[in-house]
Amino acid sequence: MSDQQQWSLLRAEMLKEREQLVDQIEEFEDSPALFEESVGELNSVDDQHPGDSATELYERQKDTTFYYRAKEQLKEIDHALAKMEDGTYGVCEKTGETIPFERLEAMPTARYKL
């Protein structure tokens, strides 16, 4: 397989993952109740069991973590795709050396050779 074909496969994988991340982020942003319901229940003064409040808080933190992680992953993919466009993809941002294809295959958004 040629280098061009390998780059094309990596690009296709990143574009597919990008699309999934955008869908996830939109789902979070289109469902503000996902975050608000937990806040409302945590602030209620009814006879809610403390364990229920802890579960709600845990779920809210988990959802928030997934949301921000998806946004960070999207940012990294966009950075890698931009590097593909300007011809600097696969070049270590610290040393300027070529990043081995095996590393890029394992982590297409890799910025460093390590």
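Guide: Let's start with what a ring pair is: rings of Phe, Tyr and Trp (for Trp, its six-membered ring) pair if their centres lie within 6.5 Å, and planes under 30 degrees apart count as stacked, over 60 as edge-to-face and the rest as tilted. With that in hand, ring pairs join Trp7, Tyr89 and Phe101 into a cluster. Keep in mind that this is a predicted model, where local features need pLDDT of at least 70, side-chain atom pairs count only at pLDDT 80 or more, and totals for chains, interfaces and linings use all residues. Residues are numbered from 1 along each chain as its sequence is written, and side-chain values use heavy atoms, with hydrogens and water left out.

By the ring rule, the count comes to 4 aromatic pairs. One of them is Trp7 with Tyr89, an edge-to-face pair with 5.0 Å from centre to centre and 80° between the planes. This pair ties together distant parts of the chain, 82 residues apart: Trp7 sits in helix H1 (residues 3–30), while Tyr89 is in the loop between helix H3 (50–86) and helix H4 (101–106). Helices here are DSSP runs (H or I, at least four residues), numbered from the N terminus.

How covered up are the two partners? Buried means under 20% relative accessible area, exposed over 50%, and partly exposed in between, using a 1.4 Å probe and protein chains only. Trp7 is partly exposed because its relative accessible area is 28%, whereas Tyr89 has 9% and so is buried.

Another edge-to-face pair is made by Tyr67 and Tyr68, with 4.9 Å between centres and 75° between planes. Tyr67 counts as buried because its relative accessibility is 11%, but Tyr68, at 52%, counts as exposed.

Contact means heavy atoms within 4.5 Å. Setting aside neighbours within four places in sequence, Tyr89 is in contact with Trp7, Leu10, Met14, Ala80, Lys83, Met84, Leu104 and Pro108.

Some of those names come up again in the nonpolar core, meaning a set of buried Ala, Val, Leu, Ile, Met, Phe, Trp, Tyr and Cys residues joined through side-chain atoms within 4.5 Å. The largest such core has 17 residues, and Met14, Met84, Tyr89 and Leu104 are the ones with the most contacts inside it. H1 and H3 each supply at least two residues of this core, and the largest share, 7 residues, comes from H3.
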